[in-house]
Amino acid sequence: MSGVLMSHMWAVWLAVAVAFLIIELLTTALVSIWFVPGALFTAFFSMLVKNLTVQVLFFLVLAGVAIFLSKKVFRRTKPEQLTNANELLIGKTAIVRQADAGVGARVQIGDVYWRAVSDAPLTVGETVRVTAVNGNTVTVEKQQYAQAKEN
């Protein structure tokens, strides 16, 4: 490469960093973020070392280190540590908003309506307690039964 271009490689590496940053901003996933610090550090490194091959190797090593470190930081949670968010509903109180003939109903928990089943018939306006969750259906029991079981 010409001497003029080699003396301005820091600007080329800064442009590379900006390009990777723009690519990252245009995507919804982490695609090129690891190359941004690699290109930035290589921009400074290029002021000391004029050999393009060494600069590219330095960039690749830094990008690899960034990827490795991010894998350590953003390690996936093990499945046994995950909590089913619906399980957090167990023990919550709900209000019956629609009662079907039999033991089915629609209940409101917070601002969300759920399909509900119960061992006993439910009436509109009644307060119930969630005892189980199965998919999008909660199992509920009447509040007085829940209090009697706790005492």
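Student: How many bridges join S3 to S5, and do they run parallel or antiparallel?
Tutor: 4 bridges join S3 to S5, and the two strands run parallel. Strands here are DSSP runs of E, at least two residues, numbered from the N terminus. Two strands pair if DSSP finds at least two bridges between them.

Student: What sort of model is this?
Tutor: This is a predicted model: local features need pLDDT of at least 70, side-chain atom pairs count only at pLDDT 80 or more, and totals for chains, interfaces and linings use all residues. Residues are numbered from 1 along each chain as its sequence is written, and side-chain values use heavy atoms, with hydrogens and water left out.

Student: Back to S5. What stands opposite Thr-137?
Tutor: Arg-115 does. Thr-137 belongs to S5, which spans residues 137-142.

Student: Is Thr-137 buried or exposed?
Tutor: Thr-137 counts as buried because its relative accessibility is 14%. Buried means under 20% relative accessible area, exposed over 50%, partly exposed in between (1.4 Å probe, protein chains only).

Student: What does Thr-137 contact, leaving aside neighbours within four places in sequence?
Tutor: Trp-114, Arg-115, Ala-116, Val-117 and Ala-132. Contact means heavy atoms within 4.5 Å.

Student: And S5 as a whole, how many of its residues are buried?
Tutor: 5 of its 6 residues, so the strand is mostly covered.

Student: How do S4 and S5 pair?
Tutor: In the antiparallel sense, over 6 bridges. Ala-132 has Thr-139 in S5 as its bridge partner. The two strands form a hairpin with 2 residues between them. Gly-135, in the turn, has a positive phi of about 70°.

Student: New topic. Which residues have the most contacts inside the largest nonpolar core?
Tutor: Val-107, Ile-109, Val-128, Val-138 and Val-140, in a core of 13 residues. A nonpolar core is a set of buried Ala, Val, Leu, Ile, Met, Phe, Trp, Tyr and Cys residues joined through side-chain atoms within 4.5 Å.

Student: Which strands each supply at least two residues of this core?
Tutor: S1 (93-99), S2 (104-109), S3 (112-118), S4 (127-134) and S5. S2 gives the most, with 3 residues.

Student: Where is the second core?
Tutor: That one is separate and has 7 residues, including Met-9, Ala-39, Ala-43 and Phe-59.

Student: Why does Val-130 count as buried?
Tutor: Because its relative accessibility is 0%. Val-130 is in S4. Not counting residues up to four places away in sequence, Val-130 touches Ile-109, Val-138 and Val-140, among others.

Student: How far apart are Val-130 and Val-107 in space?
Tutor: 9.9 Å, C-alpha to C-alpha, with the two 23 residues apart in sequence.
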